[in-house]
Amino acid sequence: MTLVSRVLPDRPLASLDDYRAVGGIKGLEAARAVDPSAVVAELTASGLRGRGGAGFPTGVKWQTVLTNASPTLRTTVVVNAAEGEPGTFKDRTILRRNPYAVIEGALVAAHVVGAGQVIIATKERFGREVARLRAAIDEMTAAGLVGDVAVTVAEGPGEYLYGEETGLLEVLDGRAPLPRIQPPYRRGYVEVVEDATATPDSKLANRVEMAEPGGRSDAPPALVDNVETMANIPAIVWRGAAWFREVGTDTSPGTIVCTVTGAVPTAGVGEFAMGTPLREVLVALGGGRTDDIAAVLPGVSNALLSAERLDTPLTYEDMTAAGSGLGSAGFIVLDSRTDPVAVVAGASRFLAVESCGQCMPCKSDGLVMAQLLDSLSRGEASANDVEELQERIVSVTTEARCYLATQQQTVVASLFDRFPEAVEAHVEHEIQSDPALVAELVDIDDEGVATLDERHLAKQPDWTYDPSDSGKFPSERFAEHRAEDGQVWRAS
């Protein structure tokens, strides 16, 4: 199937004039000419679902933020550009080629929810994307397009949980990336509390209490949407919901930007109509063949998809029915020479290290799972070790506040479901492999070569890069830091 270019241009748009030449800014003009409710209605009719991984209906989210508006403080619009799931490079590719659409979408959102500021939250190490964003903001400001909305770029830490929307909000408000219980529509960017450390027995992230359970809170909500989601907004508002639905399926309309890496001749990023079979995406981006593919791992958030499922259409419903999920459409390919146990061991280690430790089973059971899988991969595990691993798969999600523990559970369980013979071969010491590196993508160059963050192999479970782990969970370390000096945590 032919690649499309609704939100991902074939080549970078070099200037605001280039963006205007392809219809840019028309969505913002159209939004400002109508009542915000009309924009929400159009988004709802379009069926756009969040492209950050969860697939939540965008129109419903925007209406929820409006419903929970603070009576005293303005809502904040936050663009989640903290991409960090292994196998995914779509958001950074969009920002490199067309940051204007993302900013325009955020300005439409600010108009709709009455926000006074837009924060594009990315990572400090994304220097290329940060430079493009800031240059585009300067151009749009000079052209008088931002109005009275303050548009800024926030450069945050490298931790995976910084990309979890409530962990991201914690960082923006000056604390560590520890996910909250309270959703962004209940607590946003600005906290309204007298003393965030006043309740030492609190089970909430960074000891910040939750909004009152009934009615509104003075705490203003935040509208948090992913880069790709925001990039879709302008054209929907300008061209209409019917236009958006001209491609895709009834329940999964529009397009999706996919990333293909792993055991393929070339890695790549491209935009496809929703409903395109996964096999066609792998052929188009991965180098033209699929005959040797044994499985695909959709990032580290969904189950392994075995070879017989490669013709599954890329929709939320079809990928779920196939026993996996669409997620952020980042596909790590395993061929016949790839050891699935080694790959899952690498994925488990990544998740165990990146767990913050607020929920003890997520961190402690996750670390045990990662170690058992490491031993299994190397051919050093016994049948008893495998039995313990299966027990930890069940317990790791106990009282989990964010999705990371479920990711650990889902990915590891799928190894037993899809490749039991590989597990048995490792127990019988017939196969021995070093765990694979599963980590954030640093880059995919023009030649289709993907570079992974090899430094992650040195990252300790306490989130340091010290020679040895301190034995403390990250949440403990940050709590001690606050207790010692009373200062909020900042990304270094």
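Modeller: Let us begin with Arg477, which lies over the face of Phe478, 5.4 Å from the ring centre. Please bear in mind that this is a predicted model.

Biologist: What makes the charge of Arg477 count as lying over the ring of Phe478?

Modeller: The distance to the ring centre is 5.4 Å, and the limit is 6 Å. Arg455 is placed likewise over a ring: its charged end sits 3.6 Å from the centre of the ring of Tyr465.

Biologist: Why is the pair of Trp463 and Phe478 called tilted?

Modeller: The planes of Trp463 and Phe478 are at 55 degrees. Stacked requires an angle under 30 degrees and edge-to-face one over 60, so a value between these is called tilted. The ring centres are 6.0 Å apart, and pairing requires them to be within 6.5 Å. Phe478 belongs to helix α18, whereas Trp463 is in the loop between β11 and α18, 15 residues apart from it. Both Trp463 and Phe478 are buried.

Biologist: How many aromatic pairs does the whole structure hold, and why is the pair of Tyr19 and Tyr100 called stacked?

Modeller: The search finds three aromatic pairs. For Tyr19 and Tyr100 the planes are at 20 degrees, so the pair is stacked, the cut-off being under 30 degrees. Their ring centres are 5.6 Å apart. Tyr19 is in helix α1 and Tyr100 in helix α6, 81 residues apart.

Biologist: How do you know that Tyr19 and Tyr100 are buried?

Modeller: Buried means under 20% relative accessible area. Tyr19 has 6% relative accessibility and therefore counts as buried; Tyr100, at 0%, does so too.

Biologist: Why is Asn226 called buried, and what does Asn226 touch?

Modeller: Asn226 has a relative accessible area of 11%, so it is buried by the cut-off of under 20%. Asn226 lies in strand β4, and its contacts include Arg51, Gly52, Val79 and Asn80.

Biologist: Which residues have the most contacts inside the largest nonpolar core?

Modeller: They are Trp62, Val77, Val108 and Met140, in a core of 59 residues. Helix α6 gives the largest share of this core, 11 residues. A second, separate core has 43 residues, among them Leu161 and Ile332.

Technical notes:
Residues are numbered from 1 along each chain as its sequence is written. This is a predicted model: local features need pLDDT of at least 70, side-chain atom pairs count only at pLDDT 80 or more; totals for chains, interfaces and linings use all residues. Side-chain values use heavy atoms; hydrogens and water are left out. A nonpolar core is a set of buried Ala, Val, Leu, Ile, Met, Phe, Trp, Tyr and Cys residues joined through side-chain atoms within 4.5 Å. Buried means under 20% relative accessible area, exposed over 50%, partly exposed in between (1.4 Å probe, protein chains only). Helices (H or I, at least four residues) and strands (E, at least two) are DSSP runs, numbered from the N terminus. Contact means heavy atoms within 4.5 Å. A charge sits over a ring if NZ of Lys or CZ of Arg is within 6 Å of the ring centre and within 35 degrees of the ring normal. Lists of a residue's contacts leave out its neighbours within four places in sequence.
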